[in-house]
Amino acid sequence: MNIKPLFDRVLLLPEESEKETKSGIILPTAAQEKSQIATVIAVGQGGEVDGKKIAIQVKKGDKVLYSKYAGTEISMDNKKYVILRQTDILAIVE
């Protein structure tokens with residue numbers, strides 16, 4: 001199955017969360033923090049939102065930092081993705 005985001009939306013594949021601390025303590029699932037860094041998988045074509053032209057600033061393959069509670073999580077092919085608006089992306093990680 002292929003997902004093609006619409007308008008100013010972006011499909012991300014979040015990095016795995018830390019499963020143990022640097023000192024070797026294994027964290028239970030409830031204590032693991034959700035990663036806010038992800039790889040861009042697909043982008044929409046941009047468009048007009050509230051009368052303003054929106055240009056897409058990220059491209060496929062970029063590594064980005066996004067808002068903690070942004071977007072909608074979806075599962076596909078045993079992987080968890082996040083689809084969100086481009087405005088929920090805070091920065092490109094280089």
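Predicted model: local features only at pLDDT ≥ 70, side-chain atom pairs only at ≥ 80, totals over all residues.
Residues are numbered from 1 along each chain as its sequence is written, and side-chain values use heavy atoms, with hydrogens and water left out.

Strand β1 (residues 9–14) and strand β2 (residues 37–43) run antiparallel and are joined by 5 bridges. Strands here are DSSP runs of E with at least two residues, numbered from the N terminus, and two strands pair if DSSP finds at least two bridges between them. β2 also pairs with strand β5 (residues 63–66), again in the antiparallel sense, over 3 bridges. There, A38 has V64 in β5 as its bridge partner.

Now to the charged side chains. Side chains of opposite charge can pair when their charged atoms come close. Taking a salt bridge as a side-chain nitrogen of Lys or Arg within 4 Å of a carboxyl oxygen of Asp or Glu, the count comes to 3. One of them joins D8 and R85, whose closest N and O atoms are 2.9 Å apart. Because D8 lies in the segment before β1 and R85 in strand β7 (residues 79–85), this pair ties together parts that are 77 residues apart in sequence. D8 is buried, at 4% relative accessible area, whereas R85 is partly exposed at 33%. The cut-offs are under 20% for buried and over 50% for exposed, with partly exposed in between (1.4 Å probe, protein chains only).

Another salt bridge links K63 and E15, with 2.8 Å between the closest N and O atoms. K63 lies in strand β5 and E15 in the loop between β1 and β2, so the pair ties together parts that are 48 residues apart in sequence. K63 is partly exposed at 34%, and E15 is partly exposed at 33%. K59 and D62 form a salt bridge too, their closest N and O atoms being 3.2 Å apart; K59 is exposed at 54%, while D62 is buried at 11%.

Finally, look at the surface. L65, L90 and V93 form a nonpolar patch with about 230 Å² of accessible area together. Such a patch takes residues with over 30% relative accessible area and no salt bridge, joining nonpolar side chains (Val, Leu, Ile, Met, Phe, Trp, Tyr) within 5 Å and like charges within 9 Å; the areas come from the Shrake-Rupley method with a 1.4 Å probe. V93 lies in strand β8 (residues 89–93) and is partly exposed at 34%.

Terms used:
Helix = DSSP H or I, 4+ residues; strand = E, 2+ residues; numbered from the N terminus.
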